[in-house]
Amino acid sequence: MLKEVLTVNVDIKEEYEVKGQSGSAKMILFEGYIDCDAFKGKIMPGGVDTQRQKPGENVTLSARYIVEGTDNGGKECKLFIENNGEILEDGTIVTKPVIYTNSEALSYIEKAELTGTVEASQLGVIIHIYTNL
């Protein structure tokens, strides 16, 4: 059974793109926040999603960012999130997140088998991060 552990609200701020003969690349700068039972915090400056695509292949993505906030025990902490994934032909985005944290209460998340989904929102996207429990 999958359990959602984090919901990340991403607000897209800027996009830069290069289209070459061998492929295209896009860098998407973003801000945002997490507000869920396990953690509440704000994405620190520097969050970026890098997307690449070669002709005839799906878009691959790799987003990296740090979120500063408070864990479910009320302690200040940070999360580093690296979310690698792929945009499938039907537009579905599937990801494989990796998370590091200095929170004792959330330390289990570093070893958990995580998966993610992405859905559109008014200002950007909402990332849902799940673990098997």
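User: Why is K26 called partly exposed?

Analyst: K26 has a relative accessible area of 22%. Buried means under 20%, exposed means over 50%, and partly exposed is the range in between (1.4 Å probe, protein chains only), so K26 at 22% is partly exposed. Please keep in mind that this is a predicted model, where local features need pLDDT of at least 70, side-chain atom pairs count only at pLDDT 80 or more, and totals for chains, interfaces and linings use all residues. Residues are numbered from 1 along each chain as its sequence is written, and side-chain values use heavy atoms, with hydrogens and water left out.

User: What makes the pair K26 and E15 a salt bridge?

Analyst: Their side chains come to 3.7 Å, N to O. A salt bridge needs a side-chain nitrogen of Lys or Arg within 4 Å of a carboxyl oxygen of Asp or Glu, so the K26 and E15 pair qualifies at 3.7 Å. K26 sits in strand β2 and E15 in strand β1, so the contact ties together parts eleven residues apart in sequence. Strands here are DSSP runs of E with at least two residues, while helices are runs of H or I with at least four, numbered from the N terminus. E15 is partly exposed too, at 46%.

User: How many salt bridges turn up in the whole structure, and which other residue does K13 pair with?

Analyst: The search of the whole structure finds five. One of them joins the side chains of K13 and E31 at 3.8 Å, N to O. This pair links distant parts of the chain, with K13 in strand β1 and E31 in strand β2, 18 residues apart. Both ends are partly exposed: K13 has a relative accessible area of 49%, and E31 has 44%.

User: How do you know that K96 and E113 form a salt bridge?

Analyst: The N to O distance between their side chains is 2.4 Å, which meets the cut-off for the term. K96 lies in strand β7 and E113 in the loop between β7 and β8, so the pair ties together parts that are 17 residues apart in sequence. K96 itself is partly exposed, at 39%.

User: Is N83 buried or exposed?

Analyst: N83, in strand β6, is buried, because its relative accessible area is 3%. Among the residues that N83 touches are L61, T95, K96 and I127, leaving aside residues up to four places away in sequence; contact means heavy atoms within 4.5 Å.

User: What makes the link between N83 and T95 a polar contact?

Analyst: Their side chains are joined at 2.9 Å. The term asks for a pair of N or O atoms within 3.5 Å; within protein, one must be able to donate a hydrogen and the other to accept it, and residues adjacent in sequence count only if both atoms are side-chain atoms.

User: Which side chains make polar contacts with the side chain of E4?

Analyst: T7 at 2.5 Å and H128 at 2.6 Å. E4 belongs to strand β1 and, at 32% relative accessibility, counts as partly exposed. Beyond residues up to four places away in sequence, E4 touches H128, I129 and Y130. E4 and E17 are 13 residues apart in sequence, yet 32 Å apart in space, C-alpha to C-alpha.
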